[in-house]
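Q: I'm new to reading protein structures and would like to go through one with you. Can we take it feature by feature?

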Amino acid sequence: MTFRNTTGPLGHQAVVFLSASNTSAVYECSIEGYLGTLFTITSPQIYIQCQIYGTTDFIFGANQAMFQDSDNFLRKPTTQRKVGCDR
């Protein structure tokens, strides 16, 4: 199964996958985003044979998470500014 943020690198931060269950196991999934891809918000979590893609701070949260036989892919962040962005 694939979870994907399609806004691209010029979009705002968007969480692709957030698990707030008591405990969770994610198996053979692809989680694809940019900034803020995977939010491990609460309770123990395990990710087995997953592929996780992102740029800056793409895996974050304040709980216990274990990654077994998983791959993390760092995407190059863009240096361009989004048209109409106030920053």
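This is a predicted model: local features need pLDDT of at least 70, side-chain atom pairs count only at pLDDT 80 or more; totals for chains, interfaces and linings use all residues.

Q: Is S30 buried or exposed?

A: Here you compare the relative accessibility with a cut-off: under 20% means buried. S30 has 9% relative accessibility, so S30 counts as buried. Skipping residues up to four places away in sequence, S30 touches M1, T2, F3, Q51 and Y53.

Q: Let's zoom out. How many helices and strands does the chain have?

A: You'll find zero helices and 10 strands. Walking from the N terminus, the elements go β-β-β-β-β-β-β-β-β-β.

Q: How do strands get together in a sheet, and which order do β3, β6 and β9 take in theirs?

A: The general idea first: strands in a sheet pair through backbone hydrogen bonds, in a parallel or an antiparallel way. In this model, an open sheet of three strands has the order β3-β6-β9, and the pairing is parallel. Its edge strands are β3 (24-27) and β9 (65-68), each of which pairs on one side only. On average, neighbouring strands of this sheet are turned by 10 degrees against each other, direction ignored.

Q: How many bridges join β3 to β6?

A: Four bridges join β3 to β6, the strand of residues 45-48, and the two run parallel. Then find Y27, whose bridge partner in β6 is I48.

Q: And what about β6 and β9, how many bridges are there?

A: β6 is joined to β9 by four bridges, and these strands run parallel. I48 turns up again here: I48 stands opposite Q68 in β9.

Q: Which strands form the sheet that has β5 in it?

A: That open sheet has three strands in the order β2-β5-β8, with parallel pairing. The edge strands, each pairing on one side only, are β2 (17-18) and β8 (59-60). β5 and β8 pair in the parallel sense over two bridges. For an example, look at L38, whose bridge partner in β8 is I59.

Q: Now the inside. Which residues make up the largest nonpolar core?

A: In soluble globular proteins, nonpolar side chains tend to be buried together. In this chain, the largest nonpolar core has 10 residues: V16, F17, V26, C29, I31, L38, Y47, C50, I52 and F58. Take F17 as one of them. Leaving aside neighbours within four places in sequence, F17 is in contact with F3, V26, I31, T37, L38, F39 and Y47.

Q: Where is the polar residue Q45 placed, and is Q45 buried or exposed?

A: Q45 sits in strand β6. Q45 is buried, because its relative accessible area is 5%. The side chain of Q45 reaches the backbone oxygen of T42 at 3.2 Å. Not counting residues up to four places away in sequence, Q45 touches S19, S24, T40, N63, Q64, A65 and M66.

Q: What about the backbone angles: what is phi of S43 near?

A: Phi of S43 is near 60 degrees, which is a positive value in a residue other than glycine. You can find S43 in the loop between β5 (38-39) and β6. With 24% relative accessibility, S43 counts as partly exposed.

Q: And in which loop is Q49 found?

A: Q49 is in the loop between β6 and β7 (51-54). Phi of Q49 is near 50 degrees, again a positive value in a residue other than glycine. The relative accessible area of Q49 is 32%, so Q49 is partly exposed.

Q: To finish with the whole chain, what percentage of its residues count as buried?

A: Of the 87 residues, 30% count as buried. The accessible surface of the chain is about 5,600 Å², and 52% of that belongs to carbon and sulfur atoms. As for contacts with a separation of 6 or more, residues 24 or more positions apart account for 21% of them.

Notes: Residues are numbered from 1 along each chain as its sequence is written. Side-chain values use heavy atoms; hydrogens and water are left out. Two strands pair if DSSP finds at least two bridges between them. Axes are lines fitted to C-alpha atoms, for helices over the stretch in contact, and angles run from 0 to 180 degrees between N-to-C directions. Buried means under 20% relative accessible area, exposed over 50%, partly exposed in between (1.4 Å probe, protein chains only). Contact means heavy atoms within 4.5 Å. Accessible areas come from the Shrake-Rupley method with a 1.4 Å probe; for residues, only the protein chains shown count as cover. A nonpolar core is a set of buried Ala, Val, Leu, Ile, Met, Phe, Trp, Tyr and Cys residues joined through side-chain atoms within 4.5 Å. A polar contact is a pair of N or O atoms within 3.5 Å; within protein, one must be able to donate a hydrogen and the other to accept it, and residues adjacent in sequence count only if both atoms are side-chain atoms.
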